[in-house]
Amino acid sequence: MGTKWAYPSAEVKATVAKELQTGPPDRLLRKAAAGLAIVVAEELQRRHGGVYGHRIAMLVGTGNNGADALLAGIRLRRQGVQVDAVLTGDTVYEPGAQRLRRARGNLIPGAEVDRAVEALRAADLILDGIIGESGAGGLYGTGAELVNSIPADTPVISVDLPSGVDPDSGEINGTHVRADLTVVFAAW
């Protein structure tokens, strides 16, 4: 039997669902967020010589990738990072949104396009948490508009895979995130 280098998205989702049958339902989100916050802080340190006082903008989707980003944003706020969470959908992981507000992070509805684009332009780093292994093809609507507004010289870190890239084939059809770094949690 050969080495398996990639897993179909359905297999990853089934494995995660099985893992969630035991223990607190948000424990995987919290673990992912902790690792993600470490990577973001390391990247800020590497690129800017420090973490405190720098600014990140997060593109936050409606699913687990958005939840991972929100929870990582809370950890980064504790390190003095200014956090703007740009919401790309109509819903959000509410426990994470509430905690980010309490930590004095900014939540910006994607429908407030001018404010959202300004947050992207002001960021030292952008965190892509729009969509992960549930994605199928390119981005559209608010997500696509915001991705097209990312400044070319601002580094981007994606959660699980760059949003808009097909998780099974790697194909790119339409608008997608161009990540400088991707942080993967569920499978190598």
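Colleague: How many bridges join S4 and S5, and in which sense do the two strands pair?

Modeller: This is a predicted model, in which local features need pLDDT of at least 70 and side-chain atom pairs count only at pLDDT 80 or more, while totals for chains, interfaces and linings use all residues. Residues are numbered from 1 along each chain as its sequence is written, and side-chain values use heavy atoms, with hydrogens and water left out. Strands (E, at least two residues) and helices (H or I, at least four) are DSSP runs numbered from the N terminus, and two strands pair if DSSP finds at least two bridges between them. In S5, the bridge partner of Asp128 is Ser158; S4 and S5 pair in the parallel sense, and the number of bridges is three.

Colleague: What pattern do the helices and strands follow along the sequence?

Modeller: The protein has six helices and six strands. Read along the sequence, the pattern is α-α-β-α-β-α-β-α-β-α-β-β.

Colleague: In what order do the six strands lie in the open sheet?

Modeller: The edge strands are S3 (106–109) and S6 (181–183), each of which pairs on one side only. From one strand to the next, the twist averages 20 degrees; angles run from 0 to 180 degrees between N-to-C directions, and axes are lines fitted to C-alpha atoms, for helices over the stretch in contact. The pairing is parallel, and the order is S3-S2-S1-S4-S5-S6.

Colleague: Which residue of S4 is the bridge partner of Ala57?

Modeller: S1 and S4 run parallel and are joined by five bridges. Within this pairing, the partner of Ala57 is Ile126.

Colleague: How many of the five residues of S4 are buried?

Modeller: Buried means under 20% relative accessible area, exposed over 50%, and partly exposed in between (1.4 Å probe, protein chains only). Leu125, Leu127 and Gly129 point one way from S4, whereas Ile126 and Asp128 point the other way, and all are buried. For comparison, five of the six residues of S2 are buried, and 44% of the 188 residues of the protein are. In S4, the number is five.

Colleague: How far apart in space are Leu127 and Val40, C-alpha to C-alpha?

Modeller: Leu127 lies in strand S4 and is buried, with a relative accessible area of 0%. Not counting residues up to four places away in sequence, Leu127 touches Leu36, Val40, Ala57, Met58, Leu59, Ala69, Ile157 and Val159, where contact means heavy atoms within 4.5 Å. Leu127 and Val40 are 87 residues apart in sequence, and their separation in space is 8.2 Å.

Colleague: At what angle does H3 run to S1?

Modeller: H3 lies across S1 (55–60), S2, S4 (125–129) and S5 (156–159), and its angle to S1 is about 160 degrees.
H4 also packs on the sheet, touching S1, S2 and S3 and making about 125 degrees with the direction of S3.

Colleague: Are H3 and H4 roughly parallel or roughly antiparallel to each other?

Modeller: Helix H3 (residues 64–77) and helix H4 (residues 94–102) pack at about 20 degrees, with their axes 8 Å apart. The contact is made by Leu70, Leu71, Gly73, Ile74 and Arg77 of H3 and by Gly96, Ala97, Arg99 and Leu100 of H4. Angles under 35 degrees count as roughly parallel, over 145 as roughly antiparallel, 65 to 115 as roughly perpendicular and the rest as oblique. H3 and H4 are therefore roughly parallel.

Colleague: What is the handedness of the crossing of H2 and H3?

Modeller: The axes of helix H2 (residues 27–48) and H3 come within 8 Å and cross at roughly 60 degrees, which makes H2 oblique to H3. A crossing is left-handed if the near helix is turned anticlockwise from the far one by less than a right angle, and right-handed if clockwise. The crossing of H3 and H4 is left-handed, whereas that of H2 and H3 is right-handed.
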